[in-house]
Amino acid sequence: MVLTDLYKGETAVVVRLAIEQEALKQRLLHLGVKEGKMVRLKAAMPFGGPVMVEVDGQAIGLRRKEAASIEVR
Amino acid sequence: MYVALFGNPNTGKTSLFNCLTGSYEYVGNWSGVTVEKKVGVLRQHGVPVVDLPGVYSLQPLSRDEGVATDFLLTEPCSAIVNIVDASQLRRNLHLTVQLLEFGCPVVIALNMVDVAEKRGVKVDAAKLSKYLGVPVIPVIARTGKGTNELVHAVLAAKDKPHPAIAIDYGAEVENAIRRIAEQLPDDVPGNKRWAALQFLEGNERMAAYLHGRFDLSPLAAIREETEQALGYQAAKHIYETRDRWISEAIAVTAIEFEQKPLTLTEKIDAVVTNRYVGLPIFLALMYVVFMLTFNWLGTPLADRLDAFFSGPLTDWLSRLLHWTGASPFIKALVLDGVVAGVGGVLVFVPQIFILFFFISLLEDSGYMARVAMVMDRMMEAIGLNGKAFIPMIIGFGCNVPGVMAARTIEQPKERLMTILALPFMSCSARLPVYALFAGTFFAREQALVVFSLYVLGIVVALGLAKLFSSTLLKNENSLFVIELPPYRVPQALTLWRSTWEKGKGFIRKAGTFIFGGSVAIWLLTYVGPRGVGVPMDDSLLAAIGGLIAPLLSPLGFGAWQAGAALITGFLAKEVVVSTMNIIYHVHEASGLKKVIAAQFTPLSAFSFMVFVLLYTPCLATVAAIRKETGSWKWTLLSIGIALTVAYMISLLVYQAGKIVGFP
């Protein structure tokens, strides 16, 4: 399952960041999105726009394509 | 030597800087507000303090983040103040560890302890201090609580040698650190271990720094060997090791550690980032801002100011000049040149400050980051990302800080496109022109007409970006991640300071550029090819304006006055109004309106406004574009595109309008 498969408000554990872009991966790590972390899908923008997730009580916006490369369970 | 302020974005770093230095700095609640390092002086102690852009780590991803790393590499510093958001301790400490490894004396300002407690995080500052081996001072930067203690701690720690911490990174990495450190020169910034670690992590700025000094290939070979031995990237290993060290630190020092989201922020976000109403709410907010700026609040205030300039002020000055026995030349220079030119622009101060106030309000509240997210889908479609929207909104105030704020965009191509699109965002200096023309010809629909110009600017900016992204600047690796900080109620003082910080440039410009420009323009109207004190139509300015007038005639404004105003408008766009004031010999906007009503038609007035909106960026913006792109080619291209686009659209507006039958 990937992050974008979650329902709005659902929580899951990050299993793997299957993101190719090194810079993006670094940024997500520094924002606290990494293996073993609990993430919650808070909102999704329309027309395939970004999703809003919550990690450590902090909200982060990222594009759906990248969110779909974050495997969760 | 500087005391340097380091911290993650959105941790209240600039607020703390304001408390420490008592200076008027610009504070914003979205990453990248500090676009360049700012220097202030520590209150009562005369120690220079530098405020650096917020970073999550010393490995920069964007150009503004590079400023922080470069500071450590090139500037000597006597102490580092590391501001840490207590509610986001784990994330913030990643930067702290890298600063502790650097070896300069560090003092930690543990900020937002009040907010942290609400979020279920409580840290024992004394224990944390013991664990990290540096002073930890709890502060509330928003109110200034704890800053005295912080200043004392900094003064005590400053300039004293401080041992760097050494975390055990495991056999492979430790071995690599040792081998790299052996090859590094003795004068490397910080210490060799720090430099070696940063290199192993893949810090580009560190590599660039070392590259100028010696051959990097043996070092890169060591990194490769290490990564083979580890089976994955050294950066990942280093990150994980630090993360474990931080977990240990938190386990030992935290009293409570839950990290719950703030409920009020949750509630607001549920509405403003809602997939259906998020965008309409943003548009409605912008509409209200425009109505307040132009119709409800700004215009009545501007009218009062105008009445004061044209009535009492002109009378006093005229009496004063008479009393001092000034010559007719000086009288004409002051009243027809300076008062008309400078006063004609100063009249718009209320509208400009109202607009800046709302931009500050959006920034300080934390809403701007949401706007970036809400707009990202649209920006992605044209090849930019949501973060580019923030410089564009700042560009509504003034294009220069907008161009600089584009530094927060990670991808160089997206950054360049944002810079090229920015001059089409209608800045406040264009406002006096709209206010004058729309006020004259479209008094009832003023807000709507001005709003349509802003929209036109946005459409042109986005259209050009789309054109660039699908031709010259194809970009496969678009990137967008943004932190959405908790909302906070902006403080009156901070809000006033950031409004003033932005708006004072306008007033300063009126006192310098526009003052000088007005004198020069008036002199150009006073002298002519055939002597001095000539009638306006025989003046030098008429000759210059007349050169380009035939070119402009298909756009609906072929008089030499319009041409002259546009040429001088390159200095600053509000000079267009100053020039017209001088040319038409009037001191106040109401008189000018009558003259303009005779010279323009509603259609040609609209065409003129469109031209002023789009034609060449002003001198200051051109300088900023040159500095930020580092290329004359792109700068000249930007001017060329602007002139072409302005001409084409004005032509289209005027000719199509004539065919349809507009007056």
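Good morning. In this structure, 41 residues of chain B are in contact with 35 residues of chain A. Please bear in mind throughout that this is a predicted model.

Let me stay with the interface for a moment. The size of an interface is often given as the accessible area lost when the parts come together. Here, chain B and chain A bury about 3300 Å² between them, and carbon and sulfur atoms give 51% of that area. On the side of chain B, the residues that lose the most area to chain A are B:Y239, B:R275 and B:V481, which together account for 19% of what that side buries.

How many salt bridges does the rule find across the interface of chain B and chain A? There are 6. As an individual case, the side chain of B:E65 meets that of A:R27 in a salt bridge, with 2.6 Å from N to O.

Over all chains, the structure holds 25 salt bridges. I would draw your attention to a pair within chain B, where B:E101 and B:R242 form a salt bridge whose closest N and O atoms are 3.1 Å apart. This pair links distant parts of the chain: B:E101 belongs to helix 3 (residues 89-102) of chain B, B:R242 belongs to helix 11 (residues 234-253) of chain B, and the two are 141 residues apart.

I turn now to helix packing in chain B. Helix 15 (residues 328-346) of chain B and helix 24 (residues 513-526) of chain B cross at roughly 130°, and their axes come within 9 Å. Since angles over 145 degrees would count as roughly antiparallel and those from 65 to 115 as roughly perpendicular, helix 15 of chain B is therefore oblique to helix 24 of chain B. The crossing of these two helices is right-handed. Helix 15 of chain B contributes residues including B:F329, B:L333 and B:V342 to the contact, while helix 24 of chain B contributes, among others, B:F515, B:W522 and B:Y526. By class, the residues of this contact divide into 12 nonpolar, 3 polar and 1 charged.

The other pair is helix 2 (residues 63-74) of chain B with helix 9 (residues 204-211) of chain B, which pack at an angle of about 40° with their axes 9 Å apart. These helices are therefore oblique to each other, and their crossing is right-handed. The contact is made by B:G66, B:T69, B:D70 and B:L73 of helix 2 of chain B, together with B:R205, B:M206 and B:Y209 of helix 9 of chain B. Its residues divide into 3 nonpolar, 2 polar and 2 charged.

Thank you for your attention.

Technical notes:
Residues are numbered from 1 along each chain as its sequence is written. Chains are lettered from A and ligands numbered from 1 in the order in which they are written. This is a predicted model: local features need pLDDT of at least 70, side-chain atom pairs count only at pLDDT 80 or more; totals for chains, interfaces and linings use all residues. Side-chain values use heavy atoms; hydrogens and water are left out. Axes are lines fitted to C-alpha atoms, for helices over the stretch in contact, and angles run from 0 to 180 degrees between N-to-C directions. Helices (H or I, at least four residues) and strands (E, at least two) are DSSP runs, numbered from the N terminus. Angles under 35 degrees count as roughly parallel, over 145 as roughly antiparallel, 65 to 115 as roughly perpendicular and the rest as oblique. A crossing is left-handed if the near helix is turned anticlockwise from the far one by less than a right angle, and right-handed if clockwise. Contact means heavy atoms within 4.5 Å. Ala, Val, Leu, Ile, Met, Phe, Trp, Tyr, Cys and Pro count as nonpolar, Asp, Glu, Lys and Arg as charged, and the others, Gly among them, as polar. Buried area is the accessible area (1.4 Å probe) that two parts lose on being put together, summed over both. A salt bridge is a side-chain nitrogen of Lys or Arg within 4 Å of a carboxyl oxygen of Asp or Glu.
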